[in-house]
Amino acid sequence: MTDSPSDRPSRTELAKAYEFNEVEQKWSSIWQDQNTFAATMVPGKKSFAIVIPPPNVTGVLHVGHALNNTLQDVLVRYHRMLGENTVWIPGTDHAGIATQNVVERQLATEGKSRHDIGRDAFIDRVWAWRQDKGGTIINQLKRLGCSCDWQRERFTMDEGLSQAVREVFVKLFHEGLIYKGDYIVNWCPRCHTALADDEVEHETTDGKLYHLRYPFADGNGHLVVATTRPETMLGDTGVAVHPEDERFHGMKDRSVRLPLTDREIPLVYDTHVQREFGTGALKVTPAHDRDDYEIGLRHDLPRLKVMDQNGIMNEAAGSYAGLDRFVCRKKIVEDLETQGFLDKIEPYQHGVGHCYRCHTVVEPTTSKQWFVSVRPLADRATEAVREGRVVLHPKTWYNTYYHWMDNIRDWCISRQIWWGHRIPAWTCSGCGELIVSTDEPAVCPKCKSGELTQETDVLDTWFSSALWPFSTLGWPEKTLELATFYPTSVLITSFDILFFWVARMMMMGLHCMDEVPFRDVYLHALVRDKHGKKMSKSTGNVIDPLEVMATYGTDAMRFTLAAFAAQGREIRLDEDRIEGYRHFINKLWNAARFAMMHLTDVEEIKAETIQPAELGLANRWILSRANRAVIELRKALDEYRFNDAASTLYQFIWHEFCDWYLEWIKPDLYGSEVLAKEQSRMVLAVVLETVLKLIHPFTPFVTEEIWSVLPGERQCLMLEPFPENTPSWDDPEIERKTELLMGVIGGVRNIRSEMMVHPSAEIEIILICHDLATMTILEEEQQTLTGLTRAGKIYIHENGTRPQGSAASIFQNIEIYVPMKGLVDVAKETARLERDGAKILKDLERTEAKLNNRKFLDNAPPEIIDKEREKQGGLQVTLDKIKESMKRLAELG
């Protein structure tokens with residue numbers, strides 16, 4: 001239902017409640033319509049650029065995306081408000097294997113496979129799917145409030161990026177850094193493609209270690225080898241032992257008979273063998289194990305493949321041909337045992353590699369693939385970090401980065417799928433010439449034949465992603481964007497793709513641009529549930545950011561994520577905390593509504609008219625604290641300490657601005673003294689503006705809405721200048737005085753709370769202060785103390801003793817007493833506390849008994865145990881407070 005004009009708030013009025021759904025839709029539309037996120041490229045200005053880690057085109061927004069993009073948006077909005085040339089380039093990744101799997105599943109519902117419709121038709125089908133479904137996550141990022149320049153959205157297979165991919169491939173090939181050759185690769189039997197090392201996820205698995213007897217060929221004894229994959233023994237072409245292992249001295253030139261076959265294989269000496277593993281004898285299967293492949297090269301052992309690309313045993317496996325690899329394993333173990341070749345089987349825990357996309361167990365195998373020779377590229381990328389040209393945050397990642405780069409292997413970049421950048425290489429059918437070119441050749445340059453066949457493999461998705469920082473800015477063309485924004489300023493990403501993506505961007509950026517792709521890398525932690533567990537649908541602990549935004553509002557979720565983003569720590573996200581920060585957003589809204597009630601006739605807010613020296617204590621204090629918040633916030637954001645930045649904002653806005661300042665100036669705002677009222681109104685307006693600017697990068701929607709109704713002509717808040725240090729506002733002496741008053745007021749409020757004195761009840765306060773300077777401050781601000789403590793009378797003495805029947809508190813050197821006569825019935829209150837205490841104690845004992853029960857601890861789910869422990873802690877705190885209150889009551893007698 002549409003509001004009538006009379007129902008809508010006027011320009012200087014805010015709705016009673018913050019309706020975040022309406023506000024978010026409103027400002028999303030305004031920002032898009034006004035193109036406020038557009039990049040600026042003003043000559044002579046400092047530049048700030050971020051390229052988004054492109055989410056998979058198949059993806060939907062998860063909490064990791066929400067964290068990553070919230071942090072990026074905080075920085076982009078901050079630097080835009082600093083007046084810098086700013087761009088945040090959005091886009092998506094074509095996600096080769098993942099996207100092909102999605103469309104293949106779609107075809108399967110029609111009873112078809114990709115082979116049924118052919119390559120060209122399948123590619124058309126994928127593009128159609130992308131057109132229909134591929135924009136989902138982009139729209140979700142817009143809902144999150146991401147201030148990307150959406151007119152610059154890129155896709156890793158769009159025309160410009162495809163050109164960049166071909167240029168780099170051809171460049172590296174002609175420089176001898178890309179080659180094609182046989183090598184051991186990680187093969188996914190489900191996806192039918194090779195995988196790079198970092199696309200294999202190793203999971204600790206409870207498996208078995210099989211000890212097999214290999215008889216010596218001369219009939220004299222046997223060796224025992226140990227393996228976790230007995231089905232691969234059919235491809236063994238040797239047995240290796242360490243040359244310094246005394247158990248195998250004198251065995252040179254001996255050979256063994258391979259069980260279940262009629263083959264003899266040699267015994268070789270190799271220093272790679274781990275003497276402490278198994279018996280010290282290692283079966284060597286060069287075609288199905290990476291380490292064995294290297295041993296085979298050193299000793300000229302043949303490579304015998306016994307499995308096909310589907311994980312099925314092939315004809316080289318003899319009588320086992322046609323069996324699935326895991327079925328074959330079981331059959332081979334049975335046959336080994338029957339024929340006396342099985343020595344023993346032991347339980348064994350080890351890491352098993354799985355495909356990062358479909359989770360199928362990976363099978364190492366030899367195959368002809370395309371590779372990047374990465375050592376020269378990796379050396380430059382390592383040097384750039386060591387020299388400080390790229391800074392990692394947090395610094396704990398340096399050693400991990402160096403270790404990985406120092407031990408990097410050549411990068412397998414070919415994939416046996418159809419969706420992706422097809423490798424720009426053609427083979428001449430006439431003479432066998434290999435042609436690598438950015439453009440499709442018409443004829444062979446060697447024999448002039450027109451019969452050319454293009455390579456069927458596509459490039460690893462990470463190859464195109466590695467070019468993202470400069471290809472999205474227009475490379476290989478020399479564009480203004482490239483000159484203005486490269487190298488980019490900072491990359492924000494999850495630590496788990498440091499090697500998938502970050503290191504490769506550094507290698508490609510340095511090689512193609514002769515410059516690092518970014519100056520800083522901020523690696524954030526993974527988001528887990530409140531118990532520190534990985535989120536998964538199977539355990540039911542997934543926090544869906546779309547549901548969170550619908551329930552609590554986008555700003556509340558953004559602020560929560562920033563508040564939890566401490567460097568180097570895992571993020572334990574608790575929905576209760578999100579709800580808590582929704583209250584924070586509401587508190588800001590209500591504070592703004594209060595301010596607007598007193599600014600209805602103000603036409604313009606003029607910060608320059610404020611002269612702090614002419615103001616009262618409260619106004620001078622809030623200006624000083626606002627300036628301190630500006631300094632601390634800017635420093636925190638410059639150092640990527642997002643949680644500290646959020647903490648600064650929360651402390652200043654909730655506790656200082658709302659809880660203290662607004663209460664403090666109410667007498668001025670509602671009083672009859674014109675000067676005091678005008679001064680407080682103007683300071684209130686200026687500080688509210690400052691508050692909105694400071695928190696805007698974190699909570700853009702609510703701040704834009706409030707900003708839009710403040711007095712004066714206004715552009716979007718996101719285009720306003722960010723607050724700067726204002727030395728004239730700084731007043732440490734005023735802050736010290738105010739801290740003293742707040743300490744006294746806090747002490748009185750604690751007494752009211754602990755003694756259950758009603759907030760509206762009038763009290764007397766006796767202050768005994770032995771320091772003359774402090775006493776003078778208290779006397780000067782006695783009216784303030786009276787108003788904020790709701791005291792009828794306040795007596796300030798230099799010396800004295802505790803009055804009979806009074807409750808007490810102490811702050812620094814000030815003794816605070818509140819006589820309780822007529823305020824508290826000691827006997828009645830004591831009886832009530834005793835009853836409450838007995839009930840709490842009973843609940844506590846019941847909870848502790850449960851936590852001391854071994855059966856409960858062994859059988860209850862961890863989250864239930866944690867809940868009981870939280871309950872125990874809460875009950876204990878409550879019981880301690882009751883005991884303290886009873887102690888205070890006893891002191892009154």
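**Strands and helices**

Author: Leucine 767 stands opposite isoleucine 816 in strand 29. This is a predicted model, where local features need pLDDT of at least 70, side-chain atom pairs count only at pLDDT 80 or more, and totals for chains, interfaces and linings use all residues. Residues are numbered from 1 along each chain as its sequence is written, and side-chain values use heavy atoms, without hydrogens and water.

Reader: How many bridges join strand 26 to strand 29?
Author: Four bridges join strand 26 (residues 763-769) to strand 29 (residues 814-819), and the two run antiparallel. Strands are DSSP runs of E with at least two residues, helices are runs of H or I with at least four, and both are numbered from the N terminus.

Reader: In what order do the four strands of the open sheet come?
Author: The order is 27-26-29-28, with mixed pairing; two strands pair if DSSP finds at least two bridges between them.

Reader: Which strands stand at the edges?
Author: Strand 27 (791-797) and strand 28 (806-811) do; each has a single partner strand, so one side of each is left without a neighbour in the sheet.

Reader: What packs on the sheet?
Author: Helix 26 (residues 782-789) does, touching strand 26 and strand 27. Contact means heavy atoms within 4.5 Å. The direction of helix 26 makes about 140° with that of strand 27; angles run from 0 to 180 degrees between N-to-C directions, and axes are lines fitted to C-alpha atoms, for helices over the stretch in contact.
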